[in-house]
Amino acid sequence: MSRAAGILLSITSLPSRYGIGCFSKSAYDFVDWLKEAGQTYWQILPLGCTSYGDSPYQSFSTFAGNPYFISLEALIEEGVLTEEECGGVNWGSDEKDIDYELIYKQRYPLLRKAYERSSISRNEAYQNFVADNQWWLSDYALFMAVKDRFGGKSWNEWPEDIRLRWGYSIDYYRRELYFDIEFQQYLQFKFYEQWKALKAYANSKGIRIIGDIPIYVAMDSADTWAHPELFQLDENNVPIAVAGCPPDGFSATGQLWGNPLYRWDYHRSTGYDWWLSRLWYCFQLYDVVRIDHFRGFDEYYSIPYGADCAIDGHWEKGPGIELFRRVEQCLGWHEVIAEDLGYVTDSVRRLVRDSGFPGMKVLEFAFDSRDSGSANDYLPHNYIENSVAYTGTHDNETIVGWFDSITEEEQKMARDYLCDQYTPKDKLYKSFIGLVMRSNSKTCIIPMQDYLGYDNSCRMNKPSTVGMNWRWRLTKEELTKELQEEILHITRIYGRMNWFKG
């Protein structure tokens, strides 16, 4: 298998004129930059529309795209918005930070203006998009329109008739909110039109997109509202149990995520139809699909609904390899990355091995004084070829921040492993990147913050916290020729070059 490398950078983190990274010219420029840096992959975070907390892992739909990513520049070129309208808006005072409250308040009125000027109902491509995607788009657009009608409240706080989807109520809101529903469909049409063009451009340059999907869907989502039978809900569509993870060395009470759990017996009885639809859709969007919390397919942690923390949860069996055998049988073989981090048992390892998917290796997990043996799976000399190696992920500290935060004993362990006691601390991040790049892993992905040598002020996410995550952005000035040449050099010397000539 050929060795390859890539960079992890959220779409939101791209430079842009209007407050948040999107499918604008900056995205195309970044593709060109990646190609010139010898990279093969651009790994992004989930593209779904975000809710409270701004996390791409808590989305209003597992199928819908985030309207924040629609390029306003493209809408200006179409003539449905003007430079003055977009430029006259306050997008925030810091070009390196995303102010999500401002984005929410400022983008949607502009997008609504664009919709009202678009004459979209007469657009044949739009009509075809709506027809082709009716199987998810109809419920999603209605869900979002009704949510707006009720001031953004979660669907389980709506009046009973629409909360439980009584037939006459569905008909009433479809009539009453016709133009609001069409607006939501317009947003999805523009999102997918622009994403399809960007992905095609990336592929034409030899850059492959690694997409990312959460294993769970949000409770406040069109999926849960429209298909309660898929989840562990009671007759009033109230959760019976929710997702999370147990107490461990990092959290005495565990983590309470709150996502509804799947009713796996029902999924099995349908031949996993919903999962087939979900993954088929993802395989159209991305070249490679990373599945978050893959261990949940082996066993998942079940916490009684209403619990204050995760202490009283317990493990339940998931569908195991049966699901992925069914996916391969129906959809053929596709490239998937199994996010097998966290509490990993022998049965989880067996599931990853039986699936054939590469798992993940994260360097930051390698130098833990509580697990200092040479057999540590995260020490680079133990990486197997069928794996994807990272310095860190979106949930981790930056490599600079991590080294600053570990104990002196662990810093010594890391330097001993590097055989390097002399490199100045402010340059050591380059040594760690080199360590991962020369590992035996088939693929190596480095977060952009690590290539830039940034500290934790540029961290993407700190799990179990809300308010300051998912906000970091690049400026154009940071994507220098010098950095590009550094990345090209290290990619070439460790045999990970993309030689695509397109």
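Modeller: The model is a predicted one, and the residue to begin with is Asp223, which is found in helix H10, residues 222–226. Asp223 is buried yet takes part in no salt bridge, for the nearest side chain of opposite charge, that of Arg278, is 7.1 Å away, whereas a salt bridge needs a side-chain nitrogen of Lys or Arg within 4 Å of a carboxyl oxygen of Asp or Glu. The side chain of Asp223 does, however, reach the backbone nitrogen of Thr62 at 2.9 Å, and, leaving aside neighbours within four places in sequence, its contacts include Phe60, Phe63, Val217 and Trp274.

Elsewhere, side chains of opposite charge can pair when their charged atoms come close, and the count for this model comes to 25 salt bridges. One of them joins Asp220 and Lys147, N to O at 2.6 Å; this pair links distant parts of the chain, 73 residues apart, with Asp220 in the loop between strand E3 and H10 and Lys147 in helix H6, and both residues are buried. Another salt bridge, between Asp29 and Lys25, has an N to O distance of 3.0 Å, and these two residues are four apart in helix H1, so about one helical turn separates them. Asp29 is partly exposed, with a relative accessible area of 31%, while Lys25 counts as exposed at 60%.

Note on methods:
Residues are numbered from 1 along each chain as its sequence is written. This is a predicted model: local features need pLDDT of at least 70, side-chain atom pairs count only at pLDDT 80 or more; totals for chains, interfaces and linings use all residues. Side-chain values use heavy atoms; hydrogens and water are left out. Buried means under 20% relative accessible area, exposed over 50%, partly exposed in between (1.4 Å probe, protein chains only). Lys and Arg count as positive and Asp and Glu as negative; His and the chain ends are not counted. A polar contact is a pair of N or O atoms within 3.5 Å; within protein, one must be able to donate a hydrogen and the other to accept it, and residues adjacent in sequence count only if both atoms are side-chain atoms. Contact means heavy atoms within 4.5 Å.
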